[in-house]
Amino acid sequence: MDDTSEHKPKKQICTGLLAHVDAGKTTLSEGMLFLSGSIRTLGRVDSQNTFLDMYEPERARGITIFSKQAVCSWKNVDISLLDTPGHVDFSAEMERTLQVLDYAVLIIGITDGVQGHTQTLWRLLKQYHIPVFLFINKTDRLQQDELEQIHKPALLAQLHAQLDGSCVDFSGSDEEAFYDALAMCSEEAMEQFLEHDCVQTDRIQNMILRREVFPCYFGSALRLTGVEEFLDGFARYTKEPQYPQQFAAKVFKIARDEKETV
Ligand SMILES: Nc1nc2c(ncn2[C@@H]2O[C@H](COP(=O)(O)OP(=O)(O)OP(=O)(O)O)[C@@H](O)[C@H]2O)c(=O)[nH]1
Ligand SMILES: [Mg+2]
């Protein structure tokens, strides 16, 4: 049975969207919530009507100030999604989410590339041992041919040089090149590739979990291109964490509705 089968119980995954300011975290969150049917209308940061940037100062300034959570379901996975602020003034809000994340989604603007803040986030994710998916955003700003021939390879080279050599393009259609790139990330993957000409999904899941590979997806959160492919990849390649029988939980934040009376 395929891992994404409807008959299997859904995986429960907590993920956080992290990036430098204005990379498109809130826009991607909105897109994920919209495509999965959690919200009915697609809000826009520029129109001050997103689901997650709900506070007045956030809407007025077009930036996220507080980390906020939402839930959505995609295929075989229930995602608890945390949208975090990218502005350095609110880094503490972002950092407190790191204790509860099973996976992180790091967003990079295709024309911005790796910024100083992206590197800071990368170091923090390493320190907290958090597996990472990357979403390279704002590809709508480029023509398809310049994206494919110039910007995509240039950005992947930058990721390899400045973040990690194991950032692998999961959005391409060349299967052999994909398995080849995976095989370079671990000996086990290399052995399987040499023997079977492929790397199995559960092995890829484990590689991601062990931070031996970092899947990269490309798209535009604003135009909703590449977002379904990203969600499909997230559903396919994540693994639910194993918890002990006894109940235990980590609270990352306690918030109160501002309309609530004390
Ligand atoms: N062209 C284009 N613009 C985008 C895309 N995604 C986001 N934007 C724009 O980028 C700006 C910032 O988007 P946000 O979603 O607020 O970015 P953010 O990362 O949440 O920003 P902070 O929370 O303030 O760190 C807005 O003007 C968005 O409309 C995209 O895919 N393409
Ligand atoms: Mg935001």
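**Note on the sheet, cysteines and rings of a predicted model**

1. Strand S3 is largely enclosed by the rest of the structure, because 5 of its 7 residues are buried, where buried means under 20% relative accessible area, exposed over 50% and partly exposed in between, with a 1.4 Å probe and protein chains only. Strands here are DSSP runs of E of at least two residues, and helices are runs of H or I of at least four residues, both numbered from the N terminus.

2. On the basis of the work: this is a predicted model, in which local features need pLDDT of at least 70 and side-chain atom pairs count only at pLDDT 80 or more, while totals for chains, interfaces and linings use all residues. Residues are numbered from 1 along each chain as its sequence is written, chains are lettered from A and ligands numbered from 1 in the order in which they are written, and side-chain values use heavy atoms, with hydrogens and water left out.

3. The open sheet has 7 strands in the order S2-S3-S1-S4-S5-S7-S6, and its pairing is mixed, two strands being paired if DSSP finds at least two bridges between them. Strand S2 (68-74) and strand S6 (167-169) stand at the edges, each with a single partner strand, so one side of each has no neighbour in the sheet. From one strand to the next the twist averages 30°.

4. Both neighbours of S3 can be described by their bridges. S1 and S3 run parallel and are joined by 7 bridges, with Leu 81 in S3 as the bridge partner of Thr 15. S2 and S3 run antiparallel, also with 7 bridges, and there Ile 79 in S3 is the bridge partner of Cys 72. The hairpin of S2 and S3 has 2 residues between the strands, and Lys 75 takes a positive phi near 50° in it.

5. Further along the sheet, strand S5 (residues 132-137) pairs with strand S7 (residues 214-218) in the parallel sense over 3 bridges, and Leu 134 stands opposite Cys 216 in S7.

6. Helix H1 (residues 25-35) lies across strand S1 (11-19), S2, strand S3 (77-83), strand S4 (103-109) and S5, and it runs at about 155° to S3. Axes are lines fitted to C-alpha atoms, for helices over the stretch in contact, with angles from 0 to 180 degrees between N-to-C directions; contact means heavy atoms within 4.5 Å.

7. The disulfide count is 0, a disulfide being a pair of cysteine sulfur atoms within 2.5 Å. For Cys 14, the nearest cysteine sulfur is that of Cys 72, 12 Å away. Cys 14 is buried at a relative accessible area of 16%, and Cys 72 is buried at 4%.

8. There are 14 aromatic pairs, counted when ring centres of Phe, Tyr and Trp (its six-membered ring) lie within 6.5 Å, with planes under 30 degrees apart stacked, over 60 edge-to-face and the rest tilted. Phe 133 and Phe 230 form an edge-to-face pair, 6.4 Å centre to centre with 80° between the planes. Phe 133 lies in strand S5 and Phe 230 in helix H9 (residues 227-237), so this pair ties together parts that are 97 residues apart in sequence. Phe 133 and Phe 230 are both buried.

9. Which residue has its charged end over the ring of Phe 218? Lys 152 does, 4.8 Å from the ring centre, under the rule that NZ of Lys or CZ of Arg is within 6 Å of the ring centre and within 35 degrees of the ring normal.
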